[in-house]
Amino acid sequence: MPTTRRQFLGIAGGITVAGTIPIVTLRPLEATPAMLNTAIRNVVGEAQLRIGKVKIDIPPLVENGNTVPMTVSVASPMTADDYVKSIHVFNEKNPQPNIGNFYLNPSSGRAQISTRIRLADTQKVVAIARLSDDSFWQVATEVVVTLAACTEEVN
Amino acid sequence: MAALINVPTKAKRGDVIEIRTLTSHIMETGFRRTMGGALVPRDIITTFTCRYNGTEIFRADLFPAIAANPYLSFFTVAKESGKFEFEWIGDNGYSSTASASITVE
């Protein structure tokens, strides 16, 4: 029986959602979830990680992992007594788990940073904020990447 | 190296202003290989700092996961007229600076 367009799209959609398109064949290293946890513990130490306050704005599906726009914001009054000290962003499956550390202070006025990042694969991106009372807050989001970055061959 | 800086030229005292910076840099990850299989050495910007009339107001540690030609946007409170100074430091002794002025009323 010939495959109908509807069936084909259904299958293609399923593959994309499952993130199993085998784009990257040569990947010497990747940040495993264990490396991700180690990188997070290096920043957080033994402190408790709480869910909330932090927000990541990133496209849920990106075609090109080489430049993925990302904004991280934290709900904070940014006063001298209650502000965000730093924002740390991590990934799960790039060759290295760190993306960036961003240091703020009360005169930042707004706890928000934007940059463009590389993602080597469909994976989880984690942002952690350290507040002035040394509490840590985190959020994680899943990004589907169709064209990987970082490990492609140099032409 | 060329840097694009976007800072409001004028602001009211106490306003929260956005600062956007873009600098040209390859940000070679150190994880890529040539067709021959040789690893291409890492060459990235590792630190970005912004000072406002001499006081550090924002700093970032960058890793290979930051895209080429690093773009950064962040905020600060306009306190006084003066100068923002930007500095990028990286591998192989890379260093680059830029500045922008603001008038605060």
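## Exercises on chain B

Of the contacts in chain B with a separation of 6 or more, 58% are between residues 24 or more positions apart; contact means heavy atoms within 4.5 Å. This is a predicted model, where local features need pLDDT of at least 70 and side-chain atom pairs count only at pLDDT 80 or more, while totals for chains, interfaces and linings use all residues. Residues are numbered from 1 along each chain as its sequence is written, chains are lettered from A and ligands numbered from 1 in the order in which they are written, and side-chain values use heavy atoms, without hydrogens and water.

**Exercise 1.** Find how many helices and strands chain B has.

*Solution.* Count DSSP runs: helices are H or I, at least four residues, and strands are E, at least two, numbered from the N terminus. Chain B has zero helices and eight strands. The pattern along the sequence is β-β-β-β-β-β-β-β.

**Exercise 2.** Decide whether Thr23(B) is buried or exposed.

*Solution.* First, locate the residue: Thr23(B) lies in strand S3 (residues 16–23). Next, apply the cut-offs: buried is under 20% relative accessible area, exposed over 50%, partly exposed in between (1.4 Å probe, protein chains only). Thr23(B) has 1% relative accessibility, so it counts as buried. Across chain B, buried residues make up 48% of the 105 residues.

**Exercise 3.** Work out what Thr23(B) is in contact with.

*Solution.* Leave aside its neighbours within four places in sequence. The contacts of Thr23(B) then include Ala2(B), Ile45(B), Trp88(B) and Tyr94(B). Now look at Ala2(B): the Thr23(B) side chain reaches its backbone oxygen at 3.4 Å.

How values were computed: A polar contact is a pair of N or O atoms within 3.5 Å; within protein, one must be able to donate a hydrogen and the other to accept it, and residues adjacent in sequence count only if both atoms are side-chain atoms.
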